[in-house]
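The exercises below are meant to be worked through with the structure in view. Try each task before reading its solution.

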Amino acid sequence: MTISGSSGVALEGIHASVAALDVLDREDALLAAGVGVGAGVDVLQRRYELRLERLEVTSRLKARLAAVEARDAVECVGLQQALLAPDAPVHERTYAEISAVEEIAGVLTISSGAAGAFVEQSRRVCALPPVLAALSAGDLSWPHAKIVADETEGLSPAGAGGLVAHFFDPDAPNPARGAAPGELAPSRFRAKVRAWRERHHPETLAKRHAKEVADRRMDYSPDRDGMAWISLCLPGDTACAIWNRTTATARGLQGPTEERTLSQLRADVAASLLLGAGNATTADTRSAPIEGAATEMGKVPTPRADVLVMVPVFSLLGITDEPAELDGHGPIPASMARKLVADGAESFFRVLVDPRDGAPLEIGRTRYRLPETIKQWIRMRDGKCTFPGCNNRTPDNDTDHLTAWEHGGRTDVRNLGQLCPKHHRLKHARPWIPDPATDNRSPGWTSPTGRHYNPEHPDPEPTHWPAGLFPMPAVTQGVDPSPEDLPQWEPDDDKLIDLHDLSPEDPVWAEFFTKPFALSG
């Protein structure tokens, strides 16, 4: 679709959205006045539903307006260039663009820098027809479109086209599964796009990581009301381990008499560890990390912060250099994953990835009891709280029956899913209904008003199959085979558990649900 074609679609959609808002507004006015209300109509419930419908329509309207804005910004600069003579010198063309950007800044009442960034982002979006088409149709918000523009920067045209096709073309090879881009919260969409980009970037993740690790640093930024920010830029495995250890220690300090929130406890634990004030803070010395008081710190055992490392089996063997997935962080270089596994890092726990479809295959069992191993498998499948739009990561979440036991729900991995405490309580307080899960798919959800939200599960891809590993034509031609073409995969290792070998009646399931979902001590 051309820019002008997408503009026509967007304008038609804008007119349709305005008309729809008018219809909804008139219905609401009649309900408020009590005119034409039929018997059995719950007026308050219907007015509530009308507001949800209006929010949905205005969301699509804003997306369509954003498509028109992006097109106009690009064409403003293009028309300024067209006013110049064909042989105009470079400096005249530069000033023509600067002038157009400054005019855009004035019209939109934004800074020059923001206007320049907007024009550049608009160029990238308009250069990706499927993205512009989705924005013009109202299926994608401007923040989502900007994510695609950001993540395609630095990719070749073929690489950018492959990324866009993966997420926007259902007929592409191995298209993205689960919720459509516009159905995901922007942060979740960015995580999926970035994971795909890391796997398909022309330069290996290991090389890019080696460059970036040289820029590791600590930053300090004063804030208002006597506060300040400390931030660290570190290798992903180190940062993830720090976060999980402070979270686990903070949770160990929680109790009936502890008034601090988990966020406050994290900050106090990190401050006391950095300042050498002891293993953790206690309720009696909660101000010590902030005030710097030399008070004897109480001692509490530090729980082990377990982090799952999802490693493609051929990467673990050193046959390929596919990125691994660090739970709570995202893609990491294969070399980093191999080192974590080989060194036996106590807080990192390996998960082998099925080379047929990229799903979790087996979890190492060196010190975990069986129920805990199953919980870790569900952690890896879901990645976070499964509730729509929630970003609560795995250490904070409960493992819940999707269909309650008393309603016939079985204790099976297909009837289990992660929920953060907030959404676990909401599920039992209001009729938010989860879909069934599968071996490699988290549940979707249906709201009390009947709106369905597709699952936001991770987007694993089949492992790159090394050429010549098996005598199959597709492999010898350098093409990754489909899952049906591959031999059945069954690692021969008595330290690994195949979760499908567990009967739903196995007594370990009773133990599974008697244990709280918490990090082990």
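**Exercise 1.** With which residue does D139 form a salt bridge, and how far apart are the closest N and O atoms?

*Solution.* Bear in mind from the start that this is a predicted model.
Step 1: the partner of D139 is R60, and the closest N and O atoms of this salt bridge are 2.9 Å apart.
Step 2: D139 lies in the loop between α5 (129-136) and α6 (142-152), whereas R60 lies in helix α2, so the pair ties together parts that are 79 residues apart in sequence.
Step 3: D139 is partly exposed, with a relative accessible area of 43%, and R60 is also partly exposed, with a value of 31%.

**Exercise 2.** Describe how helix α2 and helix α3 pass each other, and name residues that make the contact.

*Solution.* Step 1: the axes of helix α2 (residues 43-82) and helix α3 (residues 90-108) come within 8 Å and cross at roughly 145°.
Step 1: the crossing of α2 and α3 is right-handed.
Step 2: on the α2 side the contact is made by E69, A73, C76, V77, Q80 and Q81, and on the α3 side by R93, A96, E97, A100, I104 and L108.
Step 3: E97 also belongs to a network of salt bridges, whose other members include E120, R123 and R124.

**Exercise 3.** Which residues make the nonpolar surface patch of about 600 Å²?

*Solution.* Step 1: the patch is made by M218, Y220, I230, L232, L234 and I242.
Step 1: the elements that give two or more residues to the nonpolar patch are β1 (217-222) and β2 (228-233).
Step 2: Y220, which is placed in strand β1, has a relative accessible area of 58% and is therefore exposed, the cut-off for that class being over 50%.

**Exercise 4.** How many helices and strands are there in the protein, and what share of its residues is buried?

*Solution.* Step 1: the protein has 18 helices and 13 strands.
Step 1: of its 521 residues, 43% are buried.

Terms used
Residues numbered from 1 in each chain as written. Predicted model: local features only at pLDDT ≥ 70, side-chain atom pairs only at ≥ 80, totals over all residues. Heavy atoms only, no water. Patch = residues over 30% accessible without salt bridge, like charges linked within 9 Å, V, L, I, M, F, W, Y side chains within 5 Å. Areas by Shrake-Rupley, 256 points an atom, 1.4 Å probe, with all protein chains shown as cover. Salt bridge = Lys/Arg side-chain N within 4 Å of Asp/Glu carboxyl O. Helix = DSSP H or I, 4+ residues; strand = E, 2+ residues; numbered from the N terminus. Buried < 20%, exposed > 50% of the residue type's maximum accessible area, 1.4 Å probe, protein only. Axes fitted to C-alpha atoms, helices over the stretch in contact; angles between N-to-C directions. Left-handed = near helix turned anticlockwise from the far one by under 90°. Contact = heavy atoms within 4.5 Å.
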